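Hi,

Here is the structure I promised to pass on. My notes follow below it.

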Amino acid sequence: MAILEVHDLSVYYGVIQAIKGISFEVNQGEIIALIGANGAGKTTILQTITGLIPAKGGKIFYEGTDITRTPGHKLVSMGIAHVPEGRRVFAQLTVLQNLKLGAFTRKDKDGIEDTLKRVYARFPRLKERQNQVAGTLSGGEQQMLAMGRALMSHPRLIVMDEPSMGLSPIYVNEIFDIIGKINRDGTTVLLVEQNAKKALAIANRAYVLETGKIVLSGDAKDLMNNDSVKKAYLSE
Amino acid sequence: MSFLTYLINGISLGSIYAIIALGYTMVYGIARMLNFAHGDIIMVGAFAVFTAVSTLGMPPFIGLIAAIAICTALGLTIEFVAYRPLRGATSLAVLITAIGVSYLLQNLALLIFGSNTRQFTSIVTLPNLKLAGGKMTVSSVTIVTIVCCIVIMIALTSFINHTKTGQAMLAVSEDRGAATLMGINVNRTIAVTFAIGSALAAVAGALLCSMYPSLTPYTGSMPGIKAFTAAVFGGIGSIPGALIGGLILGVVENLSKAYISSQLSDAIVFSLLIIILLVRPTGILGKKIQEKV
Ligand SMILES: Nc1ncnc2c1ncn2[C@@H]1O[C@H](COP(=O)(O)OP(=O)(O)O)[C@@H](O)[C@H]1O
Ligand SMILES: [Mg+2]
């Protein structure tokens, strides 16, 4: 069953068309990777899904509901969380304040405490640093905070924008490891990555994006062996 | 003995600047705009109290509550009608709109109340305070103003630190997009900020006119500019900065009026601002733009 369906989506920045009529779907329980070079339109797609940028044409359905025109702040309580590109943690607030903001739309106090415990179990470093100001964390720790913050809303679909960007290899492995665990816990993942090798290794299916269009799609394992994918995205 | 009187009066005037400066600094911090009409909301608040108390004969406290309600509604209306449609527009367009709103309020007041100076009846009816065995008198307005400022500062700080709406304000002030991703309604949060700033402006208007009891449609503009100066002084966007900036401004203004020249006091105040900004461009408590890792 599709949890997210995107139909013929087009997005503009002023007169420039960044997304040129793309369609794809994400099924319940999957990890879907969206790969493509810098500037291909990956971030634009995620921001349009979560309501930060308006769609010019096409439709977006989430759990069967048309959310194309739903304001971004209403999507969180519907079960969508977004780990944005560049992490965008609230640098002047503490780790704990950041995590609590992740649960902003929730009213169940006990449930929030329970989720906080789980997030701390998943990211022990966040617990150690819960009273530290987020701006003083390392890049990898900020990425964990951005992921933990997204998990605080208890999402059914989590979209992640380049979670491994700028991180040291140890952190990259750890982050991908955690993405796998989040998915095994029952959360559907839409993952945007420039690290195509790692993304394809973890994903069920993938879409390849070039200048606002999907040029290839299929099973992640098949794409990993696809010659043009190998040449464009997997060569060192 | 008189130095102490000047100092206390300066702190009291500075408390009013601080209360007004809070409105500028919160709106700037959260909506990223200079609300130049903020000073005129003070004037509207003062006229609301004047009408309620002097014309309609209501008790001062009820008049103050009415003024707070009117100014809050006015602030929300201005935000919704004039500023919200410009969200995402250039800051120059927003600034020009704010100046337009300022003139609109002044001219509406001219139309309704005329240009005659009204004699404002103090909302503080307590007796004056005699200190040092009767050698020194401090007016009750002065004391009440300082107490109001302290109470407002404490209340606002705990509102921001301990309520969800307060945390949402901090989130919006740092990153609107990320705040939206938390499920925070950015427009609503900005509206709440305007409501708080405007309610405080009503209080400031009532206190200001209780201290200096002449009221005209232009009453708000000079204190507005000075409070804006105080906000920049303390570090725009910072709540403790508004307090410190307001107090310094009030004290410097009053002492230079007393000891140097009452004509030059404004020049001295603004020179001080320029010097401070040359040394610390972000103001006394202003934060540097945080670098992203
Ligand atoms: N705010 C913006 N204004 C104008 N053009 C933009 C903006 N953001 C992105 N673009 C353009 O849209 C295209 C897609 O960008 P983006 O979605 O960020 O790509 P990706 O995430 O795949 O690197 C690029 O050509 C980029 O230059
Ligand atoms: Mg991107």
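A definition to begin with: buried means under 20% relative accessible area, exposed means over 50%, and partly exposed is in between (1.4 Å probe, protein chains only). This is a predicted model, where local features need pLDDT of at least 70, side-chain atom pairs count only at pLDDT 80 or more, and totals for chains, interfaces and linings use all residues. Residues are numbered from 1 along each chain as its sequence is written, chains are lettered from A and ligands numbered from 1 in the order in which they are written, and side-chain values use heavy atoms, leaving out hydrogens and water.

First, the metal. The magnesium ion (ligand 2) has A:Thr43 (OG1) and A:Glu85 (OE) as its protein donors, 2.0 to 2.2 Å away. Donors here are N, O and S atoms within 2.8 Å of the metal (3.2 Å for Na, K and Ca), and sites may look incomplete because water is not among the atoms. A:Glu85 is partly exposed at 32% relative accessible area, whereas A:Thr43, at 17%, counts as buried.

Now to chain B. B:Thr145 sits in helix H5 (residues 140–162) of chain B; helices are DSSP runs of H or I with at least four residues, strands are E runs of at least two, and both are numbered from the N terminus. B:Thr145 is buried, with a relative accessible area of 0%. Setting aside neighbours within four places in sequence, B:Thr145 is in contact (heavy atoms within 4.5 Å) with B:Ser12, B:Ser15, B:Ile16, B:Leu207 and B:Met211.

Best wishes
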